[in-house]
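Thanks for coming, everyone. Please have a look at the model on the screen, and then I'll walk you through it.

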Amino acid sequence: MQPKIMMKKKSISASKASLVLFLCQMISALDVPLDLSQPPTITQQSPKDYIVDPRENIVIQCEAKGKPPPSFSWTRNGTHFDIDKDAQVTMKPNSGTLVINIMNGGKAEAYEGVYQCTARNERGAAISNNIVIRPSRSPLWTKEKLEPNQVREGDSLVLHCRPPVGLPPPIIFWMDNAFQRLPQSERVSQGLNGDLYFSNVQPEDTREDYICYARFNHTQTIQQKQPISVKVFSMDSLNDTIAANLSDTDIYGARPVTERQPVLLTPTGSTSTKVELRGNVLLLECIAAGLPTPVIRWIKEGGELPANRTFFENFKKTLKITDVSEADSGNYKCIARNTLGSAHHVISVTVKAAPYWITAPRNLVLSPGEDGTLICRANGNPKPSISWLANGVPIAIAPEDPSRKVDGDTIIFSQVQERSSAVYQCNASNEYGYLLANAFVNVLAEPPRILTPANKLYQVIADSPALLDCAYFGSPKPEIEWFKGVKGSILRGSEYIFHDNGTLEIPVAQKDSTGAYTCVARNKLGKIQNEVQLEIKDPTVIIKQPEYKVIQRYGQVSFECIIKHDSTLLPTVIWLKDNDELPDDERFLVGKDNLTIMNVTDKDDGTYTCIVNTTLDSVSASAVLTVVARPNPPFDLELTGQLERSVELSWIPGDENNSPITNFVIEYEDGLHEPGVWHYQTEVPGTQTTVQLKLSPYVNYSFRVIAVNEIGRSQPSEPSEQYLTKSANPDENPSNVQGIGSEPDNLVITWESLKGFQSNGPGLQYKVSWRQKDVDDEWTSVIVANVSKYIVSGTPTFVPYEIKVQALNDLGYAPEPSEVIGHSGEDLPMVAPGNVQVHVINSTLAKVHWDPVPLKTVRGHLQGYKVYYWKVQSLSRRSRRHVEKKILTFRGNKTFGMLPGLEPYSTYKLNVRVANGKGEGPASPDKVFRTPEGVPSSPSFLKITNPTLDSLTLEWGSPTHPNGVLTSYILKFQPINNTHELGPLVEIRIPANESSLILKNLNYSTRYKFYFNAQTSVGSGNQITEEAVTIMDEGKMAMASRQVDIATQGWFIGLMCAVALLILILLIVCFIRRNKGGKYPVKEKEDAHADPEIQPMKEDDGTFGEYSDAEDHKPLKKGSRTPSDRTVKKEDSDDSLVDYGEGVNGQFNEDGSFIGQYSGKKEKEPAEGNESSEAPSPVNAMNSFV
């Protein structure tokens, strides 16, 4: 769907406004100011044909202006009407308007006639049109006896209205007794004369209340004709009636409703004529009888029907052409056609014309001695005659004036004098009407005067035309000149347009057009000038227009309308929907620069227009809102072409709600087997509304259709009619047939039953057959009810069987089923695996081998082998823990497997068992094996106490898991100086039976870092770290405090302050970096220099590492400081089992090899060198300073 965005811009100073202003000013330039003498001018009068309400007062208007003010008189039917002699007639003060008092006893009929008003003063007389006064009439229908209309089905019928003749003619319509309009169609319609035409009658046309109404709008009354009765006899009922009365004849027996070719009911004959006046509406009508109902078509012989003015009404029975002209004369043919033939009628149209103006006479203002002309030219068909009057008197008998000469439609004036002033009337008439125009000749001698107010301000939008008014009067006619500014030169050139009425037009006004403009009017009697002001404003622009929107029903949408305008103009913003006001609904929220619609509904679909108005211009922008929703459900479902195994379903789509339907989903319900449950049947594209459906036997089908578009699925349609298919043999057999024993001596046969519609008929059963495989046995069969299981008892243990299950119903069997292989029940395996061997690979991993058991002894489906193993004793500790057996399962017929997660330096036992679906067989004899020593875990704690000037006391606990015989402890330590660099590394080996050590000869007030781990004959275990500080030498502090002579010097104090400030800045930077979690150089250097004697374990070399539950000790990291008792503890590591096999803890590859890999991480030790392992602290910094 393509976006629709419309933009319109209007300006008050556009060409249309320019033309209107120009014409208005032309008129005002010819108007004589009312303070000057002038002949009368008729300003207001009643219409020529004046139909009045006889119940109300009659008001005949006649208003005029002149100097001196005119007096008024009236004629009635060509003679003087003396209003003073009629008490019912009054004339309004200072006016010529007559008021005839009907409401106080007068009768309108007494005042019918032709009235004419005359307005007269010393300079002439003006007359009005002839005003024909007629009271409206709404007579009653004449009484008539209406016979019932009895008509045969298919015949034509005309019900005549014949309304009373009223003034003006009434409006005709047909209704029933309940005041409901009778429905009309191509078959039944009302003619222009008010009659009701039936092209052919049908039984449903029978009724007794066909009533014609005539509405007289002028009197607001409605007259009613007596009801007309119509009774339509169908051929069947007519034959029954005839047969009852004339049993010996069948005169009507063979006459069905007869089809007939068209015959014109109106107009009659083959040709007719029509005369219409120019400018009126031409209405031509053709109504035809016939069965089937004829269709009407119109053509113009020898030409085309006029485009844009041709309309067809009353189901194309009426041709309407608006604003006709002489070019529309010609022959118009209507053709009525049905399947049996056609009829036609030719209407010859002649367009006549009442008189119409070509040049109407205009008022003429002359100065004494000037010349002038009055021109009166009109046309019509036939051509009108022109006659002149002077002051209401035919010019031939009017007083002579030597300055005038009549030449047909022109009066020529030469050397006029003041006595030449008069009012002349031009009358153009033919047989269809007349035109009457007043035009005065006013002889004046007046100096120029400017009628436009002084200093009038004109405001115009940039790039639009600017029209500066200079309305003037003078006699002789003044000459007009324009200047810009006070001392500017006269305006000339193509950039200006000078109109005859004095207006100055600037076609494209720019910003530099702003300023003062002076208009100068001069004639031989004088000169006058006037100044006006022009301001140019910036145009109003919509910089953010509303955009095309697609929104789902009940959503929210917003249109923007952001504007830019001249700062001196106050804009107003109006929102329209479909060029009308917004609905009065609180869901529509109009903001400063937007329109928001909440909870959108389908009615909100349409075009929204933002209109911005200022006093000078107007701009607008529009956008379309499309409201989309899920489609409405399909309807009118119909089943056709019913066969035993198929049917055709058709439907009518519901409203797609502005989002095209992509597909239809067809569902079915089986009312026989699963009533109320709907199943998916098929789906078709959204352009398809029929589908051929495959059916199953013995199903009571109902169908429904669901429409789908991008928004979602519609509600389901109403169900179709039901269709019950015939029964048949089953087409298919049960699926998923299996044979599995639940006990060692049975065979359980199971299958998935057929669904209800798959049974194809009543009495669904199953024939279950079985026989032992590879044995020359006959099939054993049994027929069971509609179940899904059958148990065969007394079978050998775990024997293969051939099985098949066949469906059948009351009409027969399904096709022969396929066979499946099943087994009778399993029993526990009989023997244990033999020749169990264990090969210890390392301190935590062993490989076990065994011989497979014979398959016959498994007595079931071989599931695999299970290895049970448990630790009997740890060789490095006397304590014995609770024996916990672990199990690893190796799927399939495996003969070896890996045992991971063993504890070093321990004694283990294991046995192996075979498993099937029933359970496990007997265990093999226990096999004992030992694991070798491994590296120990880290010491359980390291505590540093009793700090002195040069010594520290270390205490520790033995490893939680020695994993062998401890041979010694290794202690390494190194100092950390005040710049946080590490000093030389010292290593001490300590006997395994020691638990404490006093380190002497240390430096006072020095921080040390210690690395401590245990060793077995295999190697070193994980280390534990700690830091400690020796105490400060108080004697040296006292010596420093006595050196007052230096400390009191000014230069020393300044130096110390500078050093302290630098240290403070350094502390702040360090704390910021620590809080952000970043690394600092000391730690990076420490990590870069590892102890070469302690190598990390490789994680990607493919070998199995040892367990290591000890985490890396990184005391320089945040949160790694020792607790207050300065003790670091290691938690005991639990036994863990890597996933080597299935079962409790592991998994194996198909070959029994281990999948995972052990890895352990050790902390890297710092190498000797000037490196630090700790971020600077305030204490250390101050110690360094002292």
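What percentage of the 1186 residues of the protein chain count as buried? It is 43%. Buried means under 20% relative accessible area, exposed means over 50%, and partly exposed is in between, with a 1.4 Å probe and protein chains only.

Some ground rules. This is a predicted model, where local features need pLDDT of at least 70 and side-chain atom pairs count only at pLDDT 80 or more, while totals for chains, interfaces and linings use all residues. Residues are numbered from 1 along each chain as its sequence is written, and side-chain values use heavy atoms, with hydrogens and water left out.

Confidence next. pLDDT is the predictor's confidence in each residue, from 0 to 100. The protein chain averages 85. At least 70 is reached by 84% of the residues. Contact means heavy atoms within 4.5 Å. Where pLDDT is low, the predicted coordinates should not be read in detail.

On to the overall build. The protein chain has 7 helices and 88 strands. These are DSSP runs numbered from the N terminus: helices are H or I with at least four residues, strands are E with at least two. Take the contacts with a separation of 6 or more: 67% of them come from residues 24 or more positions apart. The accessible surface is about 61,600 Å², and carbon and sulfur atoms hold 51% of that. That area comes from the Shrake-Rupley method with a 1.4 Å probe; for residues, only the protein chains shown count as cover.

Let's zoom in on a sheet. Here is an open one of 5 strands, in the order β30-β38-β37-β33-β34, with mixed pairing. Two strands pair if DSSP finds at least two bridges between them. At the edges stand β30 (364–366) and β34 (393–394); each has a single partner strand, so one side of each lacks a neighbour in the sheet. Inside the order, β33 (residues 385–390) and β37 (residues 422–430) run antiparallel, joined by 6 bridges. Trp-388 has Cys-426 in β37 as its bridge partner.

Staying with β30, look at the loop between β30 and β31 (372–375). Ser-367 is found there. Ser-367 counts as buried, at 2% relative accessibility. What is Ser-367 in contact with, leaving aside its neighbours within four places in sequence? The list is Val-416, Val-443, Leu-444, Ser-475 and Pro-476.

Another strand pair: β29 (residues 341–359) and β32 run antiparallel, with 4 bridges between them. Thr-359 stands opposite Arg-377 in β32. Strand β32 (residues 377–381) has two faces. Ala-378 and Gly-380 are on the covered one; Arg-377, Asn-379 and Asn-381 are on the uncovered one.

Glu-153 lies between β13 (149–152) and β14 (157–159). Glu-153 is buried, at 16% relative accessible area. Thr-844 sits in the loop between β73 (834–842) and β74 (845–851). Thr-844 is buried too, at 2%. Its C-alpha atom is 6.1 Å from that of Pro-900, 56 residues apart along the chain.

Last topic: rings. The structure holds 21 aromatic pairs. Rings of Phe, Tyr and Trp (its six-membered ring) pair if their centres lie within 6.5 Å; planes under 30 degrees apart count as stacked, over 60 as edge-to-face, and the rest as tilted. Phe-559 and Tyr-608 have ring centres 5.4 Å apart and planes at 25°, so the pair is stacked. Phe-559 is in β50 (residues 557–560) and Tyr-608 in β56 (residues 606–613), so the pair ties together parts 49 residues apart in sequence. Both residues, Phe-559 and Tyr-608, are buried. Tyr-908 and Phe-929 also form a stacked pair, 5.6 Å centre to centre with 15° between the planes. Ring pairs also link Phe-173, Phe-179 and Tyr-213 into a cluster.

Finally, charges over rings. The rule: NZ of Lys or CZ of Arg within 6 Å of the ring centre and within 35 degrees of the ring normal. Lys-885 lies over the face of Trp-870, 4.4 Å from the ring centre. Arg-913 lies over the face of Tyr-868, at 4.0 Å.
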